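Please open the structure in your viewer and keep the selection tool at hand. The tour below moves from one stop to the next, saying what to select and what is there.

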Amino acid sequence: MIMLIDSHAHLDMPHFDADRDAVIVRAREASVAAILTLGVDRASSQRAVTLAQRYEGVFAAVGIHPHEAKHATPEDYNALMGLAREREVNRIIAWGEIGLDYHYDYSPRDVQQREFRRQVRIARELDLPVCIHSRDAHDDVLTILAEEHAIDAGAVMHCFSGDELVARRCLDLGFYISFAGPVTFTNA
């Protein structure tokens with residue numbers, strides 16, 4: 001029997017409010033054994049934890065998405081670290097969604113890089129693997145992950161959009177690769 005795990009969900013998003021229970025039931029019926037719902041900021045990370053505590057088979061990741069990097073505060077990190085230090089009760093199994101996004105540049109690149117490094121260090125300190133967002137930033141993402149020794153905690157390159165060379169670099173660093181929605185794009 002094949003066990004499916006959804007390693008990248010955002011079950012806290014409002015468009016699931018009307019049928020979140022049904023979505024999770026359908027996932028179970030489709031043999032999805034576990035779902036990782038990821039935070040993108042302090043508030044969504046708390047919602048991810050709440051959902052993980054509520055639903056069997058749902059687990060949480062906490063973190064600051066690169067789009068939100070410019071808004072990150074020390075208070076946000078203290079709150080996220082507090083949640084992660086209680087990982088068992090909060091059902092937290094990873095730190096994420098973190099990384100770099102040079103496609104939209106909602107946060108300045110230097111801020112994204114600074115906050116990405118900070119979060120990889122936090123994840124290593126807490127011994128949590130990282131869930132990486134990388135859009136049009138593969139070289140910088142892989143450089144930072146190598147320099148910050150992300151392999152010590154583990155990493156998944158979720159929603160992978162790189163080419164074969166980038167994939168080989170990720171695998172050489174010991175990271176997992178997640179192929180998600182982008183494989184359905186016409187230019188994939």
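What follows is a walk through the sheet, then some charged side chains, and then the salt bridges.

This is a predicted model, in which local features need pLDDT of at least 70 and side-chain atom pairs count only at pLDDT 80 or more, while totals for chains, interfaces and linings use all residues. Residues are numbered from 1 along each chain as its sequence is written, and side-chain values use heavy atoms, with hydrogens and water left out.

**The sheet**

Seven of them form an open sheet in the order E1-E2-E3-E4-E5-E6-E7, with parallel pairing; two strands are said to pair if DSSP finds at least two bridges between them. At the edges you will find strand E1 (4-9) and strand E7 (176-177), each of which pairs on one side only. In general, strands of a sheet pair through backbone hydrogen bonds, either parallel or antiparallel.

Select E1 next, together with strand E2 (residues 32-38): the two run parallel and are joined by four bridges, and Ala9 stands opposite Thr37 in E2.

**Strand E5 and its neighbours**

Now move to strand E5 (residues 130-135), which is largely enclosed by the rest of the structure because five of its six residues are buried; buried means under 20% relative accessible area, exposed means over 50%, and partly exposed lies in between (1.4 Å probe, protein chains only). Strand E4 (residues 92-101) runs parallel to E5 and is joined to it by five bridges, with Ile98 opposite Ile132 of E5. If you trace the chain from E4 through H5 to E5, you follow a right-handed β-α-β crossover, a crossover being right-handed if, with the strands pointing away from the viewer, the path from the first strand over the helix to the second runs clockwise.

E5 also pairs in the parallel sense with strand E6 (residues 155-157), over three bridges, and there Ile132 has Met157 as its bridge partner in E6. A right-handed β-α-β unit is made here too, by E5, helix H6 (residues 138-147) and E6.

Which strand holds Glu97? Select strand E4 again, where Glu97 is found. Glu97 is buried yet has no salt bridge, and the nearest side chain of opposite charge, Arg135, is 9.7 Å away; Lys and Arg count here as positive and Asp and Glu as negative, while His and the chain ends are not counted. The side chain of Glu97 does make a polar contact with that of His133 (2.9 Å), where a polar contact is a pair of N or O atoms within 3.5 Å; within protein, one must be able to donate a hydrogen and the other to accept it, and residues adjacent in sequence count only if both atoms are side-chain atoms. Leaving aside neighbours within four places in sequence, Glu97 is in contact (heavy atoms within 4.5 Å) with residues including His8, His10, His65 and His158.

Go on to Asp139, in helix H6, whose side chain is joined to that of Arg169 by a polar contact of 2.7 Å. Asp139 and Val166 are 27 residues apart in sequence, and their C-alpha atoms are 8.2 Å apart in space.

Select helix H5 (residues 109-126) and find Glu115, which counts as buried because its relative accessibility is 2%. Its side chain and that of Arg114 are joined by a polar contact of 2.7 Å, and, not counting residues up to four places away in sequence, Glu115 touches Ala69, Ala72 and Tyr77. Glu115 also forms a salt bridge with Arg118, the closest N and O atoms being 3.7 Å apart; a salt bridge is a side-chain nitrogen of Lys or Arg within 4 Å of a carboxyl oxygen of Asp or Glu.

How many salt bridges does a search of the whole structure find? The search finds 15. One of them links Glu125 with Arg85, with closest N and O atoms 3.4 Å apart, and this pair links distant parts of the chain, Glu125 being in helix H5 and Arg85 in helix H3 (residues 74-85), 40 residues apart.
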